Amino acid sequence: MIVHVHEMSKHPDAVYIGRECSGRGRGPSFTRSQWANPWNWKTLPGGRAEAVALFRRWLAGDLEAAAMLPPGRWPRPTVEDIRRELAGRVLACWCGPGDPCHGHVLAEIANGDPSSAAKQIAVVHPPAFEVVVGDCVNVLNAMPAGTADLVVADPPYNIGIDYGDGRGADELPSYRYAGMVREWMLAIERVLSPAGTLWVVCDSAYGAAFDRAIVEAGLTIRDRGVWHESFGVWRRGLFGKCWRPWFYAVKDRRRFTFNEAAFMVRSRRQEIGDRRANPAGKVRSNVWTFSRVAGTFRERVKPPAGEKPPTQLPLAMVRMVVDGFTNPGDLIVDPFTGTGTTGVAAVQTGRRFVGIELRETWAAVARQRIEAATADVTERRDPHD
Ligand SMILES: C[S@@+](CC[C@H](N)C(=O)[O-])C[C@H]1O[C@@H](n2cnc3c(N)ncnc32)[C@H](O)[C@@H]1O
């Protein structure tokens, strides 16, 4: 069975299990700490490998093996619990190659029992990301409605940047550009899940057009903010250009994800050693200072031969957006993928990603970049190790 990334949250039988997964989705929840990791790896001399071997034996009914596992925080499920819970379901996991996936172990146990009335359990490894080539409005409209938990949008700025079709393609009369912005926002609103979020950044000249289009598409703006680019663009006879507006909007003003921890900064009280200071810091203001990714920066992705580099968002800022507005396992869509920064942030934090990019060459660059970031994640040790 092939399940596309953007269909996963719609899959009626899906149980999400795996690396960063918090057990979201329909059906029973399997949180990593509750089911897949009910012990502390570190206390076993053989570490993770030994724990996995014991886990297998225990699931096969070997209670001696269970006793050898260090106690965990949660009551352990019995083999019968597992069979009952998983019968006829699809396990979707994002474990990496060589990383023993508990989803597989569970499926193996339940499927291997001839006396069990349990239906076969399929384990699918959906790709964690896809980059689709095409115009974002067409692609978004072809996606199932209500599936994206977060849309991160960094559209063309209409300031004469050559994305491959000449500067003129990005210097439209403002009424035409505003019309495109409206089309984008309608298509984005359609794919957002009921508790979905939009974060969009644009040029300072078009803030009003975006503000209006977001509201007219039916979204609620929770905040308007500024990205202060600490390494802005110097202009002769004019002030340096160093800010862009951003908009944070939600589909339902009462239901959304806002993980405060992602936005924490040191407070002034902490800095001056005030004992009343919250040790966790404070939620940052809506003026975000991040350096622009200038042409000379190591982070900057090299353009393929004959291509002009598109603008590139700083990964640290996009990671904060992804961490703050979604949870692991959520689906993130970037309709203007460019070099794939949002995809990198998504796979690094255990989210799924669908990117859309007009130009095949940049889509290929983005795929490569996200693939490399996925490999990095596979290398990263499980935090429970
Ligand atoms: C501002 S750049 C995005 C850069 C990206 N945020 C990054 O960090 O690399 C805009 C990108 O959108 C693409 N694009 C422009 N119009 C598009 C459309 N209608 N549908 C899909 N992609 C589009 C451009 O080719 C360009 O790569």
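This report describes the central sheet, the helices packed on it, the nonpolar core and the ligand surroundings of a predicted model.

Residues are numbered from 1 along each chain as its sequence is written. Because the model is predicted, local features need pLDDT of at least 70 and side-chain atom pairs count only at pLDDT 80 or more, while totals for chains, interfaces and linings use all residues.

## The sheet

Helices (H or I, at least four residues) and strands (E, at least two) are DSSP runs, numbered from the N terminus. Two strands pair if DSSP finds at least two bridges between them. On this basis, eight strands form an open sheet with mixed pairing, in the order S4-S13-S12-S5-S6-S8-S7-S11. Strand S4 (129–133) and S11 stand at the edges with a single partner strand each, so one side of each is left without a neighbour in the sheet. From one strand to the next, the twist averages 20°; axes are lines fitted to C-alpha atoms, for helices over the stretch in contact, and angles run from 0 to 180 degrees between N-to-C directions.

In general, strands of a sheet pair through backbone hydrogen bonds, either parallel or antiparallel. The table lists pairings from this sheet.

| Strands | Sense | Bridges |
|---|---|---|
| S4 and S13 | parallel | five bridges |
| S12 and S13 | parallel | four bridges |
| S5 and S12 | parallel | two bridges |
| S6 and S8 | antiparallel | five bridges |
| S7 and S8 | antiparallel | nine bridges |

Individual residue partners can be located within these pairings. Valine 133 has glutamate 357 in S13 as its bridge partner, and valine 333 is bridged to valine 354 in S13. Leucine 150 is partnered by isoleucine 332 in S12. In S8, tyrosine 248 stands opposite tryptophan 199, and lysine 241 is the bridge partner of valine 233.

A residue is buried if 20 or more other C-beta atoms lie within 10 Å of its own, exposed if 12 or fewer, and partly exposed in between, with C-beta atoms placed from the backbone. In a regular strand the side chains alternate between the two faces of the sheet. Strand S12 is covered on both faces: Leu331 and Val333 are buried on one side, and Ile332 and Asp334 on the other.

Two residues are in contact if their C-beta atoms, placed from the backbone, lie within 7 Å. Helix H7 (residues 174–191) lies across S5, S6 and S12 and runs at about 145° to S6. Helix H10 also packs on the sheet, where it touches S5, S6, S7, S11 and S12, and its direction makes about 155° with that of S5.

Within H10 (residues 315–325), the buried residues are Met317, Val318, Val321, Val322, Gly324 and Phe325. Their cover includes helix H11 (341–348) as well as strands such as S5 (148–153) and S7 (220–233). H11 is itself mostly covered, with seven of its eight residues buried; among them are Thr341, Gly343 and Val347. Just after H11, glycine 350 takes a positive phi of about 75°.

Valine 139 is placed in helix H6 (residues 136–142). Valine 139 counts as buried because it has 20 C-beta neighbours inside 10 Å. Leaving aside neighbours within four places in sequence, valine 139 is in contact with Val132, Gly134 and Ile356.

By contrast, alanine 280 is found in the loop between helix H9 (268–271) and strand S10 (282–283). Alanine 280 counts as exposed because it has 12 C-beta neighbours inside 10 Å. Its C-alpha atom is separated by 8.1 Å from that of valine 265, 15 residues apart along the chain.

## The nonpolar core

A nonpolar core is a set of buried Ala, Val, Leu, Ile, Met, Phe, Trp, Tyr and Cys residues joined through C-beta atoms within 7 Å. The largest such core has 63 residues, and those with the most contacts inside it include Val151, Ile188, Trp199 and Phe210. H7 gives the most to this core, with seven residues. Phenylalanine 210 is in contact with Val181, Val200, Cys202 and Phe247, leaving aside its neighbours within four places in sequence.

## The ligand surroundings

A residue is near a molecule if its C-beta atom, placed from the backbone, lies within 6 Å of it. Of the 19 residues around the ligand, Asp154, Phe336, Gly338, Thr339 and Thr341 come nearest. Thr341 is also one of the buried residues of H11. By class, the shell has ten nonpolar, five polar and four charged residues; here Ala, Val, Leu, Ile, Met, Phe, Trp, Tyr, Cys and Pro count as nonpolar, Asp, Glu, Lys and Arg as charged, and the others, Gly among them, as polar.
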